[in-house]
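Thanks for coming. I have one structure to go through, and I will keep to a few residues and their partners.

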Amino acid sequence: PEPMEYVRVCDAFGTGYFYIPGTETCLKISGEVRATLGFNSADSDDGDDWDSAIRARVNFDAKNDSEIGTIGSFIRIQGDDSEGDAFVQQAYITAGGFKAGKAATFWDDLGTNGESDRFADVTVYNTISYTYASDAFTAGLGVDDTSEISDTNDVAIEAFASATFGVATVAVYGLYETELENGAVYGVLSADLGPGKLELAGMYTTYDAGQNSTFIDSLPGSGADIEWSVVAAYTFKATDKLSIAPSVTFLEDLSGNGAWGAGIYGEYALAQGLKASATVDYLDEDNQDELWSGFVRLTRSF
C-alpha cells in the first residue's frame, strides 16, 4: 500500500501553518465569532437606543517560497446578521511587498486604542499596493478603486511611512481622492510609557461640506464629516489579562461645529482565544444633543 502522508507542520511563516499534502504550500485556517450588544442615545427618540450584532469570519492564508520571494494569498469569508448571507470580505494575492485584490487599505481602521477617535473602519476596496519594510522603517503606496462605493470613477491614492526610534513609533498616512479632488492626512505618535502605551494622533482633511468621502467617518449626532481632530489615548496594562484605555478627542466638522469627546475601553482575556471587551463614549458637539454610546462584546478567535 502507498504510505500515508500525514499533515506536516510548517514553521516558516509563523504558528498555525501546515503543508497542504503533496505540495510545498503552507496553509493557515483561522477565524472568529463576535457577539456585540451596543447602545446609542442618538436613537433614543425613536425608542431604539440599543441593538445586538453577530459577526463570523473564516480566514484562509496560504504562502510558499519562490524565486521572486514569498507568494501568498488571503481569503476572508464573513457573515453577519445585518448582511444575511456570507460574502467574500477580502481576497488578495501578495508577492514580496506587492498586494493586489480586494483588501483592507492602509487607511482602514486608523485610530488609537481608545474608542472615541471616530475614523472610518470599512475601507476595503479592490486595490494594488506595495509595502517596503525593514527593522525600523516601513513605507507603502497604494491605489484603490472606490467607484463601486462612490458611484463615480473615483480612485483613491494612499501612502504611508512609519519609523521606530527606541520605544517610540511615528507614522504618517496620506490620502487623495481623484474624483473629489480632495484628501486627508493622519499622523500618530505612539510610545511605550510606564505600564502601557501612550498614543497621540491628529487628522486633517481638505474636503468641502457635502462631499461624503468613504474614508472619513461621520459624527453620529449630526451626520457631518470630520474636518480635523486630535486624539490622546493611553492603554494601561493592568494585568496580563486586563487592559484599560481611556481617550479624549477634540474635533471640528465640515460645517464648522466644534466637538469634544471622551471614552474608556476595556478588554479582558477570559481564556485562550476568548476575550470580553466593553466601551463607554461621550460626545458633545455644538448645536447637537449630547451623545452617549458604547458596547459590550464577546469575541472567540481561533
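Leaving aside neighbours within four places in sequence, which residues is arginine 57 in contact with? They are Ser30, Gly31, Glu32, Arg76, Ile77, Gln78 and Gln89.

Before going on, a word on confidence. This is a predicted model. The mean pLDDT of the chain is 89, and 91% of the residues reach 70 or more. By element, strand 9, residues 137-145, has the highest mean, at 97, and helix 1, residues 147-150, has the lowest, at 73. Where pLDDT is low, predicted coordinates should not be read in detail.

Back to arginine 57, which is in strand 4. Arginine 57 is buried, yet it has no salt bridge. The nearest side chain of opposite charge belongs to glutamate 32, 4.5 Å away. A salt bridge needs a nitrogen and a carboxyl oxygen within 4 Å. What arginine 57 does have is a polar contact, side chain to side chain, with glutamine 78 at 2.6 Å.

So which arginine does glutamate 32 meet in a salt bridge? The partner is arginine 55, with an N to O distance of 2.6 Å. Arginine 55 is in strand 4, residues 50-66, and glutamate 32 is in strand 3, so this pair links parts of the chain 23 residues apart. Buried or exposed? Arginine 55 counts as buried because its relative accessibility is 14%, and glutamate 32 also counts as buried, at 16%.

How many salt bridges does a search of the whole structure find? The count is 3. Another of them joins the side chains of arginine 8 and glutamate 24, at 3.8 Å from N to O. Arginine 8 sits in the segment before strand 1, and glutamate 24 in the loop between strand 2 and strand 3, so the bridge ties together parts 16 residues apart in sequence. Arginine 8 is partly exposed, with a relative accessible area of 39%, while glutamate 24 is exposed, at 56%.

There is also the bridge between glutamate 267 and lysine 275, at 3.4 Å. Glutamate 267 is partly exposed at 23%, and lysine 275 is partly exposed at 32%.

Now the rings. The whole structure has 10 aromatic pairs. In one of them, phenylalanine 98 and tyrosine 130 have ring centres 4.7 Å apart and planes at 50°, so the pair is tilted. Phenylalanine 98 belongs to strand 7 and tyrosine 130 to strand 8, so parts 32 residues apart in sequence are tied together. Tyrosine 130 is partly exposed, at 35%.

Phenylalanine 160 and tyrosine 173 form a stacked pair, 5.5 Å centre to centre with 15° between the planes. Here the link runs from strand 10, which holds phenylalanine 160, to strand 11, which holds tyrosine 173, and the two residues are 13 apart. Phenylalanine 160 is buried at 12%, and tyrosine 173 is buried at 17%. Both belong to a cluster linked by ring pairs, together with Phe106, Trp107 and Tyr186.

Last, lysine 237, found in strand 14, residues 226-237. Lysine 237 counts as partly exposed because its relative accessibility is 44%. Beyond four places in sequence, lysine 237 touches Pro195, Gly196, Leu242 and Ser243. Of these, glycine 196 is 41 residues away along the chain, with the two C-alpha atoms separated by 5.4 Å.

That is what I have.

Technical notes:
Residues are numbered from 1 along each chain as its sequence is written. This is a predicted model: local features need pLDDT of at least 70, side-chain atom pairs count only at pLDDT 80 or more; totals for chains, interfaces and linings use all residues. Side-chain values use heavy atoms; hydrogens and water are left out. pLDDT is the predictor's confidence in each residue, from 0 to 100. Helices (H or I, at least four residues) and strands (E, at least two) are DSSP runs, numbered from the N terminus. Buried means under 20% relative accessible area, exposed over 50%, partly exposed in between (1.4 Å probe, protein chains only). Contact means heavy atoms within 4.5 Å. Lys and Arg count as positive and Asp and Glu as negative; His and the chain ends are not counted. A polar contact is a pair of N or O atoms within 3.5 Å; within protein, one must be able to donate a hydrogen and the other to accept it, and residues adjacent in sequence count only if both atoms are side-chain atoms. Rings of Phe, Tyr and Trp (its six-membered ring) pair if their centres lie within 6.5 Å; planes under 30 degrees apart count as stacked, over 60 as edge-to-face and the rest as tilted.
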